[in-house]
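Here is a brisk report on one protein model.

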Amino acid sequence: MSGLSEMAVRKAAAKEKPYKMADRDGLYLLVKTNGAKAWRFDYRYGGKRKTIGLGVYPAVSLATARSELVEVRKTLAQGRDPSEKRQSERGANLDGAEHTFEKLADEYLQRMRDEGVANATLTKNEWLLKKLPSRGFLSRPIKSITARHILDEIKRCENSGRLETALRLRAVISKVFRLAIVTLRADMDPASFLVGATKRPRVVSHAAVTDETKFGGLIRAVDEYDGWPTLRLAMMFTALTAARPGEVRHATWTEIDCEKALWSVPAERMKMRKEHQVALSEQAIAVLKQAREIAFDTDLVFPSIRSNTTPLSENSMNAALRRMGYLKTEHTAHGFRSSFSTILNERGFDAELIETALAHKDGSVRGIYNRARYWDERKKLMQAWADIVDTLKAGSVLT
């Protein structure tokens with residue numbers, strides 16, 4: 001049976017009632033009263049008569065309709081209902097189209113906001129997930145993403161020389177996939193197969209002056225800095241407290257209790273997401289009193305030179321160190337923490353107390369965060385450190 005011809009299908013005209021034009025193997029063209037033409041196939045499944053549509057002419061040609069029929073008959077031969085199979089596939093396609101990587105990334109970022117993650121961390125993750133990947137990757141359904149797709153994205157970073165960024169990108173993509181898995185929108189995490197697929201950057205610790213004589217020279221240079229006074233005080237306060245530069249820059253007077261010699265850094269500004277209490281030495285209190293005289297109309301302890309409502313910029317202390325003659329390979333603002341740790345450890349001070357003062361992980365200091373038990377020792381440690389700083393600044397080396 002030869003069936004219909006393309007010309008016969010094209011010339012089929014509307015009539016008062018819908019009518020069928022039979023092709024072969026059960027395929028037929030339904031011509032409606034408005035002239036619309038649709039391909040149909042009638043079959044029996046589970047003892048019931050059913051009809052499945054195979055497309056609308058001319059969008060679906062005669063040849064294409066016949067090819068579609070071949071697939072339908074294969075499905076029937078496998079003992080499956082072709083109509084139910086199509087509905088299942090359409091549902092899967094719809095689900096995949098809705099749940100793109102970008103949509104899951106947005107949900108992951110919202111969870112970070114709900115958990116109170118620090119703004120700096122949130123901004124970094126937003127950049128990694130929304131700005132760095134290609135548009136095609138972001139719009140791809142999460143279930144259709146393979147390890148190859150992810151590898152292409154992280155290799156693009158690696159080839160541009162951003163090795164650390166490539167590592168972070170793989171890690172955060174993996175976190176998005178884990179969210180998709182626990183919310184039943186993905187079955188696996190292809191990023192997990194790519195651990196080790198990129199080069200690891202050479203780890204470079206924050207440059208720091210740890211020799212006592214040279215450290216004394218550094219403190220003298222800070223004390224004699226003739227730039228913005230608030231910046232000089234911020235650097236000295238960082239040296240005396242061994243706090244992270246970001247914690248110092250955003251410090252507010254509401255966090256400071258000079259009578260108790262206590263600085264309470266809120267959890268949202270701490271790297272480990274736990275409130276940290278810093279014991280303030282007499283020298284640190286003196287720095288704060290000088291800062292108060294300068295920043296008299298702001299809640300910020302160390303406001304920017306441009307506005308007393310914004311903190312010192314992220315690179316302000318490092319820029320000042322460069323102006324003082326210290327290269328970034330010699331000392332950074334973060335390096336004051338290494339100076340603190342190295343000098344005190346070499347002098348035989350309690351290593352666990354030093355780690356506590358630096359607000360390092362619980363696991364590394366065996367529960368030393370019990371403030372009530374260790375607070376007196378911590379106060380003594382910070383005062384001893386401030387006294388050492390003074391002595392080294394004066395050009396002496398304690399023995």
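The radius of gyration of the protein is 35 Å, whereas a compact globule of 399 residues would have one near 21 Å. The model behind these values is predicted. Along the principal axes, the C-alpha atoms fill a box of roughly 110 × 45 × 40 Å.

The secondary structure comes to 17 helices and 7 strands. Of the 399 residues, 43% count as buried. Take the contacts between residues at least 6 apart in sequence: 58% of them join residues at least 24 apart.

The protein exposes about 21,600 Å². Carbon and sulfur atoms supply 51% of that area.

In what order do the 3 strands of the open sheet lie? The order is β5-β6-β7, and the pairing is antiparallel. In general, strands of a sheet pair through backbone hydrogen bonds. Strands β5 (256-257) and β7 (276-279) are the edge strands, because each pairs on one side only. Strand β6 covers residues 262-265 and is joined to β5 by 2 bridges. The two strands run antiparallel. Across this pair, Ile 256 stands opposite Trp 263 in β6.

**Two residues**

The table sets out the relative accessibility of two residues.

| Residue | Relative accessibility | Class |
|---|---|---|
| Asn 125 | 11% | buried |
| Glu 224 | 61% | exposed |

Asn 125 sits in helix α5, which spans residues 119-131. Why does Asn 125 count as buried? Its relative accessibility is 11%, and buried means under 20%, so Asn 125 falls in that class. Which residues does Asn 125 touch, leaving out those up to four places away in sequence? They are Tyr 108, Leu 109, Met 112 and Val 172.

Glu 224 is found in a loop. Is Glu 224 buried or exposed? At 61% relative accessibility, Glu 224 is exposed, because the cut-off for that class is over 50%.

Glu 224 and Gly 136 are 88 residues apart in sequence. In space, their C-alpha atoms are 54 Å apart.

Definitions and conventions. Residues numbered from 1 in each chain as written. Predicted model: local features only at pLDDT ≥ 70, side-chain atom pairs only at ≥ 80, totals over all residues. Heavy atoms only, no water. Helix = DSSP H or I, 4+ residues; strand = E, 2+ residues; numbered from the N terminus. Rg over C-alpha atoms; globule rule 2.2 N^0.38 Å. Buried < 20%, exposed > 50% of the residue type's maximum accessible area, 1.4 Å probe, protein only. Contact = heavy atoms within 4.5 Å. Areas by Shrake-Rupley, 256 points an atom, 1.4 Å probe, with all protein chains shown as cover.
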